[in-house]
Amino acid sequence: MGNYYQQDIETMAPEGLRAIQSERLLKQVRHAYDNVAYYREMMDKKGVSPDDIKSLDDLHKLPFLTKADLREAYPYGLLAKPLSECVRIQSTSGTTGKRVVVFYTAHDVDIWEQCCARAIMAVGGTKEDVVQVCYGYGLFTGGAGLHGGSHKVGSLTLPMSSGNTERQIQFMQDLGSTIICCTPSYAAYIGETLKEMGISPDDIQLKAGIFGAEPWTEEMRRDVEKSLGLKAYDIYGLTEMCGPGVAFECEAQGGMHINEDYFIPEIIDPDTGEVLPEGAKGELVFTTLDKEAFPLLRYRTRDICVLHREKCACGRTLIKMAKPMGRSDDMLIIRGVNVFPSQIETVLLEQGYTPNYRIEVDRAGNNDTLDIYVELTSEQFSDTVRAIEQKEKQLAAAMKTMLGINPKMHLVPPKSIARSEGKAVRVVDKRKLHD
Ligand code: DLL
């Protein structure tokens, strides 16, 4: 049978799981209502009180919560525990505006790490393993989450963080890393670098990779499995819920099991808010079940997805989510970083450019590329080629500061970017991720 961190929960009969969910839901709703004025107002406005929530079947009565609510309530407006009981803050990968900041008590960190431990054990991890964590450490949840999970499993944890690829490879070789955790695009880059360095996948010990935080295809899975000589598994999560580990893939490599004892998933029609039946495609919504500091009820993730409950070869009974198929808002995820077109527009306007621009996102090999085309006015365009190149450099640097990633800037002649009479299509995402 499989390798589990908490076999009783992971393989529990559906009725047992529903009972746990119902019991926890009532407590979570009561906790949010009693301790968070923001929730109290939202629920009062909708005419629903904690007493109306008697079981899972009443979940739909609760109002939805959105990222806009999180921004409005920033930083403490959704906090359900005194700060003195909180031990950690993490934040989303966007770098501007009001970031989403989430708080954890020691208990919250513990359940998050349990979720990540389940993910590591689901790919065969044990205390004999050497787990190289190359997700970023810091405010981003990737590093901290997998790090904590690896500790819980008892594996030897290499807290590498991202970047410095040759050093990653050196450690991988010298310390015999067996499991690697990073974004799929970084995994692909490590694979390319290995090849350039003349190192064969047979010369390293990796057996499994836990890749997530951005969308990736089955083609990419095959590529990375070959270039790194491992089995590649998906992991999903979002800062608001805890970070990575909301859902994880098992040996069946066919969708991610959601940790339903901690998060209730729903699929809704993003336009009407109507709850859709299992198997339907729509927006994923989560309700936390055991959060102390930052309980979130019916939080709209904006990820478009499908849920299916099926008998899984791994023995787990937890419902599965398919790879997210895109987002219902305009956030782009480029090299694992959340980028909003509005941030790009802000920089352009600040630097004295027109808002006539086109953002092109593509993939070269397995790496995301970001090209930004910006129209110059006739006056700006009369500069020398050298001066224009200089401006492209300056603008790229300003973008890097705003976005955290480096775009390629193209300053183009006046009127060369198509105008639109309806909604402007400013973003062209050429990555063939969802076919
Ligand atoms: O990306 C947490 C994470 C870290 C997940 C490490 C997995 C591994 P955020 O920065 O808040 O949190 O971004 C959350 O990223 O709503 C999805 O749109 C996207 N996303 C996360 N995992 C996947 C995945 C982390 N496996 C947003 N496939 C989510 C596709 C993913 N998209």
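A residue is called buried when its relative accessible area is under 20%, exposed when over 50%, and partly exposed in between (1.4 Å probe, protein chains only). The model is predicted, so local features need pLDDT of at least 70 and side-chain atom pairs count only at pLDDT 80 or more, while totals for chains, interfaces and linings use all residues. Residues are numbered from 1 along each chain as its sequence is written, and side-chain values use heavy atoms, with hydrogens and water left out.

**Overall form**

The chain has 12 helices and 19 strands; these are DSSP runs numbered from the N terminus, helices being H or I of at least four residues and strands E of at least two. Its C-alpha atoms fill a box of roughly 70 × 60 × 45 Å along the principal axes. Of the 435 residues, 55% are buried.

**The sheet**

An open sheet of mixed pairing is formed by 11 strands in the order S4-S3-S5-S6-S7-S8-S9-S13-S12-S11-S10. Two strands pair if DSSP finds at least two bridges between them. Strand S4 (156–159) and strand S10 (263–268) are the edges, each pairing on one side only. Strands S9 (residues 256–258) and S13 (residues 320–321) run antiparallel and are joined by 2 bridges. His257 stands opposite Lys320 in S13.

Helix H9 (residues 218–228) packs on this sheet and touches S6, S7 and S8, its direction making about 125 degrees with that of S7. Helix H5 (residues 106–122) lies across S5, S6, S7, S8 and S10, at about 30 degrees to S8. Contact means heavy atoms within 4.5 Å; axes are lines fitted to C-alpha atoms, for helices over the stretch in contact, and angles run from 0 to 180 degrees between N-to-C directions.

**Aromatic rings**

The structure holds 7 aromatic pairs. Rings of Phe, Tyr and Trp (its six-membered ring) pair if their centres lie within 6.5 Å; planes under 30 degrees apart are stacked, over 60 edge-to-face, and the rest tilted. Phe103 and Phe294 make a tilted pair, 6.2 Å centre to centre with 45 degrees between the planes. Phe103 is in strand S2 (residues 101–105) and Phe294 in the loop between S11 and S12, 191 residues apart. Phe103 counts as buried because its relative accessibility is 2%, and Phe294 because its value is 3%. Ring pairs link Tyr76, Phe103 and Phe294 into a cluster.

A charge sits over a ring if NZ of Lys or CZ of Arg is within 6 Å of the ring centre and within 35 degrees of the ring normal.

| Charged residue | Ring | Distance to ring centre |
|---|---|---|
| Arg300 | Phe64 | 5.6 Å |
| Arg358 | Tyr373 | 4.7 Å |
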